[in-house]
Amino acid sequence: MPQIGLLQAHYFNIKGVFRLDFPDNPPTPFNYTGAPLTANLGTTLGTRVSKIAYNSTVQLVLQDTNLLTVESHPFHLHGYNFFVVGTGIGNFDPKRDPAKFNLVDPPERNTVGVPTGGWTAIRFRADNPGVWFMHCHLELHTGWGLKTAFVVENGKLPDQSILPPPKDLPPC
């Protein structure tokens, strides 16, 4: 875990606290919900986040896996509400499943359950600059790495930029 807050590191441009290379897609695709996995996926320690342009539309597919066992995961995104556009059982199919998305009246949430052995697709507009934490709400799972953060860049106007920290902000 970083010893400096991610927002502080971002605002003050402190290098070495996090990397901006969280992958957009799984680096090693496999049958996520199939037989228990025995392969080494080459996981690494570190703090990697995604950089997002201001006001862009973000779509995330949260996929349950059978790394230890299938389980429902309540995922929460700080700083935003999002729209739950789809959900399903089994592995998400990027060619077939988006056709079933609800783009007319999707429910708006800030926490969503990823079904056991399934997936949930969400969308949000990145219009709140800063560093925003997304994590599984099962505390033990956060310690296992079911967490990330998004660095949402500033927009072009003053009211689309991160405010400076207060003068009396206590150190961590």
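Predicted model: local features only at pLDDT ≥ 70, side-chain atom pairs only at ≥ 80, totals over all residues.
In which sense do strand 3 and strand 6 pair, and over how many bridges? Residues are numbered from 1 along each chain as its sequence is written, and side-chain values use heavy atoms, with hydrogens and water left out. Strand 3 (residues 73–77) and strand 6 (residues 111–114) pair in the antiparallel sense, over four bridges. Helices (H or I, at least four residues) and strands (E, at least two) are DSSP runs numbered from the N terminus, and two strands pair if DSSP finds at least two bridges between them.

Strand 3 is mostly covered, four of its five residues being buried, where buried means under 20% relative accessible area, exposed means over 50%, and partly exposed lies in between (1.4 Å probe, protein chains only).

Strand 8 (residues 130–136) contains histidine 135, which is buried with a relative accessible area of 9%. The side chain of histidine 135 is joined to that of histidine 78 by a polar contact of 3.0 Å; a polar contact is a pair of N or O atoms within 3.5 Å, for which, within protein, one atom must be able to donate a hydrogen and the other to accept it, and residues adjacent in sequence count only if both atoms are side-chain atoms. When residues up to four places away in sequence are not counted, histidine 135 touches Pro74, Phe75, His76, His78, Thr142, Leu146 and Lys147, contact meaning heavy atoms within 4.5 Å. Glycine 130 also has its place in strand 8 and is buried, with a relative accessible area of 2%. Although glycine 130 and valine 152 are 22 residues apart in sequence, their C-alpha atoms are 5.2 Å apart in space. With residues up to four places away in sequence again left out, the residues that glycine 130 touches are Leu7, Phe150, Val151, Val152 and Ile162.

A further set of strands forms an open sheet of four, in the order 2-7-4-5 and with antiparallel pairing. Its edge strands are strand 2 (57–63) and strand 5 (108–109), each of which pairs on one side only. Strand 2 is joined to strand 7 (residues 118–125) by seven bridges, the two running antiparallel, and glutamine 59 has arginine 123 in strand 7 as its bridge partner.

Turning to charged side chains, the count of salt bridges comes to six, a salt bridge being a side-chain nitrogen of Lys or Arg within 4 Å of a carboxyl oxygen of Asp or Glu. Aspartate 21 forms a salt bridge with arginine 19, the closest N and O atoms being 2.6 Å apart, and a salt bridge also joins the side chains of aspartate 21 and arginine 48 (3.1 Å, N to O). Arginine 48 and aspartate 21 are 27 residues apart, and this pair links distant parts of the chain, although both residues are in the loop between helix 1 and strand 1. Aspartate 21 is partly exposed, with a relative accessible area of 31%; arginine 19 counts as partly exposed at 47% relative accessibility, and arginine 48 is partly exposed with a relative accessible area of 29%.

Which side chain meets that of lysine 100 in a salt bridge? The partner is aspartate 97, at 3.0 Å from N to O. In this pair lysine 100 is exposed, with a relative accessible area of 57%, whereas aspartate 97 is buried, with a relative accessible area of 2%.
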